[in-house]
Amino acid sequence: MNAPSMSGNGLPAEPMIEIVGLKKYFGHQHRPVRAVDNVSFSIARGEVVGLVGESGSGKSTIGRSILKLIEPTAGQILYQGKDLAGLGPRAMRPYRRDLQIIFQDPYASLNPRLRIGAIIGEALDTHKLKQGAARRERIAELLQLVGLSAEHVKRFPYEFSGGQRQRIGIARALAVEPKFIVADEPVSALDVSIQAQVINLLQDLRQQFGLTMLFISHDLDVVEYLCDRIVVLYLGRVMEIAPSAELYRAPRHPYTEALLGASPRPDPDARRERKLLQGDIPSPIDPPSGCVFRTRCPYAIPACSETVPPLREISPGRWKACLRDDVL
């Protein structure tokens, strides 16, 4: 069953994006890499949902599958009720303007041979939105919107710092006035001081334009600050979904508990009980039977190896995939 999106007051809301049973396998069909395995969640209009988990959990694969940058193996990707999963490149074209991405690496995501004006203007040209003076004015407006100057249009990417390049990437994503943005670890490649600036920029832009966003990150403190709800992912499967404040106050899945316990806290008086996970994350080629987290879970019981726990609602707006309700 798919977890519904929630409005700001915690009540169910009509989803803008709805992912149902999403799967993405790579490699040989008889022994595939199960990067994403039966993932379901929804995002309401104006909501920012955080997608967190260890490296290799499938976060970026989900984001790229939603935007059809890679083709899903199975499942539905519903955008305002329309299933995008089976659409080819030509049929997807009308939706490209609404669905945009901010890439993780600000160095690799900008064409080094193009000036900044051409990089931002490329999206306007593709969708035939602005021409001539109106195009130049729109590019200048976007640069100023993200804290840069209109004079930067003639510069090349190598003339900017990492934080400035990411601002250019954000301006490019906003150029076509999208309705939904996937932010794929947009600050992970930046210095800590620059991270704060980019996060504050995203927060301001979200409030100004009412952006709907899937924010992918491994930094739990950033997700806590920016996101309304959080989807916790492990080895391609959803472990828990909860409103941000509730999840940080009282995690209900053992994996979420371990993630929060391992997250550093700047306040020395804000202690968290550390329950370090044993062993390494299993291979997605040969995932454990039953619950994929059981090999590292301190609360695992024999039944965990026999049954794949369904994602079920344990209280209004809170979902988890765990057989046990007696430990958290």
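Predicted model: local features only at pLDDT ≥ 70, side-chain atom pairs only at ≥ 80, totals over all residues.
Biologist: Which residues does Tyr25 touch, leaving aside those up to four places away in sequence?
Modeller: Residues are numbered from 1 along each chain as its sequence is written, and side-chain values use heavy atoms, without hydrogens and water. Tyr25 is part of strand 1 (residues 15-26); strands (E, at least two residues) and helices (H or I, at least four) are DSSP runs numbered from the N terminus. In contact with Tyr25, meaning heavy atoms within 4.5 Å, are Pro32, Val33, Arg34, Val36, Asp37 and Thr73.

Biologist: At what distance does the side chain of Tyr25 make a polar contact with the side chain of Asp37?
Modeller: A polar contact is a pair of N or O atoms within 3.5 Å; within protein, one must be able to donate a hydrogen and the other to accept it, and residues adjacent in sequence count only if both are side-chain atoms. The side chain of Tyr25 has such a contact with the side chain of Arg34 at 2.9 Å. With the side chain of Asp37, the distance is 2.7 Å.

Biologist: Is Glu47 buried or exposed?
Modeller: Glu47 sits in the loop between strand 2 (33-44) and strand 3 (48-52). A polar atom of its side chain lies 2.9 Å from the backbone nitrogen of Ala44. Buried means under 20% relative accessible area, exposed over 50%, and partly exposed in between (1.4 Å probe, protein chains only). Because its relative accessibility is 4%, Glu47 counts as buried.

Biologist: Which elements do the buried residues of helix 9 pack against?
Modeller: Helix 9 (residues 254-262) is mostly covered, with 8 of its 9 residues buried. Among them are Tyr255, Leu259 and Leu260. The buried residues pack against helix 7 (220-226), strand 9 (229-234), strand 10 and helix 8 (244-249).

Biologist: Which residues of helix 4 does helix 3 meet?
Modeller: Helix 3 spans residues 116-126 and helix 4 spans residues 132-145. From helix 3, the residues involved include Ile116, Ile120 and Leu124. Their partners in helix 4 are Arg135, Arg138, Ile139, Leu142 and Leu143.

Biologist: Which element has the highest mean pLDDT?
Modeller: The protein averages a pLDDT of 90, and 92% of the residues score at least 70. Over residues 7-12, however, the pLDDT is below 50. Among the elements, helix 6 (residues 192-209) has the lowest mean, 89, whereas the highest, 98, belongs to strand 10 (residues 237-243).

Technical notes
Axes fitted to C-alpha atoms, helices over the stretch in contact; angles between N-to-C directions. pLDDT = per-residue confidence, 0-100.
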